[in-house]
Amino acid sequence: MIRKKNCLTAFLFALAAVMLLAACGGREEDVLTGQTVYVPANIAFTSELQTVSDGCVMGDAIYLLGRTGDTGNNSYRIIRLSPEGGEAEMLPDYQTGTDDLYSFFLFGTLRAGPDGTLWAMERLMRQSYDEDAQKYVQEEVHVLRRLDENGKELARLEYTGLEEKLGLGTVFDLLADGDGDVFAQASEGIALLDEAGEARFTIGAEDWYSGSLVLLGDGRMGMTHAVMDKPGEFTGSLRMIDKETGELGEGYQLASGTSSLISVYDGDAGALFYYRIGDTLRVWREGAEESEQVVNLLDIGIESYTLNIVAFLDEGRLVIQTGIGYSDTDRPSLDILTATDAGLVQDKKVLTYATIQLVGSQRSAIMAFNKSNPDYHISVTDYSQYGGREAAMTRLATEIGAGKMPDIIDLYAIPVSRWAANGLLEDLWPYIDGDPEISREALMDRVFQASEINGKLYQIGPYFSIDTLTGAKSVVGDRMTWTGADMWKALEAMPEDCVPTSDSRTSMLARLIELDWSRFVDWEAGTCDFTCQEFKSLLEFCADFPADAPRLGEKGVYEERQMLLSMVVTGFEFPQRARFLLGGDPAYVGYPNEWGKVGSSVSFVSSAAMSSACKDKEGAWTFLRTLLLPHGEAEIKSGAYAYFPVNRADFQKAAELAMTPAYLTYRDGSYELDDNGEKIETSSHGELFEGIAQECMYYAATQEDYDQLMALYNAIDTYSRWDPGLEPIITEAAGAYFAGDKSLDETAELIQNRASLYVNEQT
């Protein structure tokens, strides 16, 4: 997905998965002397701005556009500050809107022009009073202004009703190129404008996704551009706008099939343009055939999600501005990055961390660790910068085969059982048992026991969830395990057109083998058995599901057109959600199976492992243990725990908070009382589901809710695992049986042959 500055154009990438494993060889020493790294220095500054919309660097000064605490036309201002920091100067001659009309500032951008002037774009809602109609009227106005260094207006282009004229949806941006030609970027395409605001030409986003305008360092205008190559996979590029032909011309390919967010930033004297993939900031210089990495922002402790400014001050110094100011944790911040020899600044032991999709909890843990630990620094390589899951995993496997085994591995999409059997992962139980502050008893141990592989623990994470199927107790019975026959019998009590779940044949098969891979595959022995009666019974059961999954959602459960609710239980409010949707007390029956196991499973929301080739295992544990330590009530109340914490003290505190009622109060803080003098409980929040008019209101969890969840937790002994290589082999081969082209025995034999070949290749 690609975005430019504050114009957000998001794309979600659903990616195919494959994993190539190679033998581990030796590893390179981490010798950094002679390499150039960018060392950040935070710039302390004070200003009247409370929020920052945009900014730029012009000459030897930094300019920020933002909002003060004032109201009216002067609420948005531009400040100028020195790279050395200090008190920022408000540009004396800049003011939004006009003197005769009152304007609401909706959005704005600020750029450095090629001629030593500033370009400010303002999207305004202008209000005036119509004397004839005796009422106030509003109209949206887009203004592009050229300003001197003090904010004095040198030139002005004003467009009223631009969106109606262009017919390209919402107009987000106006930008002038090096020739002074003005381009408009809208939600459905781009346009080159004349002075009257008429389009000289438009380029509609028909087979591509409308991105954002980017002014290259040489004055040309580019457009971020993404094309879907196949379902869920995109190629992102920066395409030049050809003013002669009115079409998109050649450009620069940024990434193919990547799952990371791509942000593109204007160029300057030192670069054609900059762009960010995940935490990796890259630059494309004039004349270069490809981009080069500037810095990994996570490595140097800079938050990248609200990156507004990227620009060279001079050779070797880069300005980074982050933060908008909408919350206390997102305050505007400036850093100057200075190119420095790595050997001169390395004062910590470096531990390498590999990931193909770094989630927020892991990212926050790494940021906190790097800031607080005096001895170690986690250096992250995010392989999603090399493409989608397949490309990322292939690149990771290739580097492992070349001897570059990371010290710590994010286990998203990693087949843990296979990697463990191949000796790539370290057993973490000895580290937990030897830790002075952590013990098995201090953790939600059922999760860790379920995660074991042959008695060893290879992965840990700070949060967990429970995956289950839930039905109304009056329909499915009060139980946590059942067979396929039990499920079909219960369905008889539902309306005639009711389906059991939202699963198709293939998705139900995948869910059931993920529930317990160990029944069919032994990775340590390098064997598998898909001709056993258990697996054949599983195929027979799945064949009775539809070929295509009915997409009924929560509405289908609410209207009794679907019997079972698929739930990933992440908090103590979920019993209330289940009661609302099912119309009665829930039973966590889980997925039916013929071997008598509880059909629900647990999994870490995100997890990490220590590699067996880790060069400093005690150092790696110094980081991994932070995932298990208690974080306390303040973090729980802040909403950081969107899932169940694995630390037992935090889990109990989360339960206590969830079970504490909230009561209606008056303005003076006293409680409202009912006719009996009792405090009136109020809901904490509500939730709307698509197609359901009634809102689900959440109150304090009851003791019964807690006891039922804990009974489920204590009954589960299965960890849900996904194998991106083996699972498609099984589900694709099963398709012949589901289609009636092969018998049950023939299909089982086909799966056995293909799976055996794959297992042998990987062990």
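Colleague: How many helices and strands does the protein chain have?
Modeller: This is a predicted model, where local features need pLDDT of at least 70, side-chain atom pairs count only at pLDDT 80 or more, and totals for chains, interfaces and linings use all residues. Residues are numbered from 1 along each chain as its sequence is written, and side-chain values use heavy atoms, leaving out hydrogens and water. Helices (H or I, at least four residues) and strands (E, at least two) are DSSP runs, numbered from the N terminus. The protein chain has 19 helices and 42 strands.

Colleague: What share of the 763 residues counts as buried?
Modeller: Buried means under 20% relative accessible area (1.4 Å probe, protein chains only). By that cut-off, the buried share of the 763 residues is 53%.

Colleague: Which residues touch the most other members of the largest nonpolar core?
Modeller: A nonpolar core joins buried Ala, Val, Leu, Ile, Met, Phe, Trp, Tyr and Cys residues through side-chain atoms within 4.5 Å. The largest has 69 residues. Those touching the most other members are Phe448, Phe623 and Leu624.

Colleague: Which residues does phenylalanine 623 touch?
Modeller: Contact means heavy atoms within 4.5 Å. Leaving out residues up to four places away in sequence, the list is Tyr353, Ala365, Ile366, Phe369, Ile378 and Ile408.

Colleague: At what angle do the axes of H11 and H18 cross?
Modeller: Axes are lines fitted to C-alpha atoms over the stretch in contact, with angles from 0 to 180 degrees between N-to-C directions. H11 (residues 533-543) and H18 (residues 726-738) have axes that come within 11 Å. They cross at roughly 65°.

Notes: Buried means under 20% relative accessible area, exposed over 50%, partly exposed in between (1.4 Å probe, protein chains only).
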